[in-house]
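Let me put the sequence and the model up on the screen, and then I'll talk you through them.

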Amino acid sequence: FWSILPDTIDFGHLQSGARIESSLIGIASAAQKIGIAAGGVLIGVALDASGYDAARRTSDESAEALRMMIALAPIAILALGAAVFLRYPITAERHRAIIDKLSEDAA
């Protein structure tokens, strides 16, 4: 994610003529923090829904839910992320063309 942010800034600069990197990085950082917090809440909700109780012996159902949460959920999230990023339109060649055009316009 953080490696595509500069590409996005350059693309936006080419399209609009304005460089808004500080605003975009601030928004991205805030979104990351919100995502981390939401992930923590979702883990808590999932543990609660599975019947997990740290003060008691883990039931078979809770242990299975923990295995699913630890193994399958990250695999599904990574697959979804890969599917999204496969459609990312800024290739190395396109980024080079953007930088070249910005350099020409600045000269």
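So, what share of the contacts in the protein with a separation of 6 or more comes from residues 24 or more positions apart? The answer is 52%, where contact means heavy atoms within 4.5 Å.

Before going on, the ground rules. This is a predicted model, so local features need pLDDT of at least 70 and side-chain atom pairs count only at pLDDT 80 or more, while totals for chains, interfaces and linings use all residues. Residues are numbered from 1 along each chain as its sequence is written, and side-chain values use heavy atoms, with hydrogens and water left out.

Now the overall picture. We have four helices and zero strands, and from the N terminus on the order is α-α-α-α. The radius of gyration is 21 Å, well over the 13 Å that the globule rule gives for 107 residues, so the protein is more spread out than a compact globule. On terms: helices (H or I, at least four residues) and strands (E, at least two) are DSSP runs, numbered from the N terminus. The radius of gyration is taken over C-alpha atoms, and the globule rule is 2.2 Å times the number of residues to the power 0.38. If you look along the principal axes, the C-alpha trace spans about 70 × 25 × 15 Å.

How much of it is buried? Buried residues make up 14% of the 107 residues. Here buried means under 20% relative accessible area, exposed means over 50%, and partly exposed is in between (1.4 Å probe, protein chains only). The accessible surface comes to about 8000 Å², and 66% of that belongs to carbon and sulfur atoms; those areas come from the Shrake-Rupley method with a 1.4 Å probe.

On to charges. Side chains of opposite charge can pair when their charged atoms come close. How many salt bridges do we get? Six, taking a salt bridge as a side-chain nitrogen of Lys or Arg within 4 Å of a carboxyl oxygen of Asp or Glu.

Let me show you a few. Glu21 pairs with Arg19, with the closest N and O atoms 3.0 Å apart. Glu21 is partly exposed at 32% relative accessibility, and Arg19 is partly exposed too, at 42%.

Next, Asp53 and Arg56 meet in a salt bridge at 3.1 Å, N to O. Asp53 is partly exposed at 32%, whereas Arg56 is exposed at 55%.

Then go to helix H4, residues 92-106, which holds both Asp105 and Lys101, four residues apart, about one turn of the helix. Their side chains form a salt bridge at 3.1 Å, N to O. Asp105 is partly exposed at 48% relative accessible area, and Lys101 is partly exposed at 36%.

Two more stops. Where does Thr58 sit? In the loop between helix H2 (21-49) and helix H3 (60-86). Thr58 is partly exposed, at 35% relative accessibility. Leaving out residues up to four places away in sequence, Thr58 touches Tyr52, Ala63 and Leu66.

And finally Ala46, which is found in helix H2 and counts as partly exposed at 32%.
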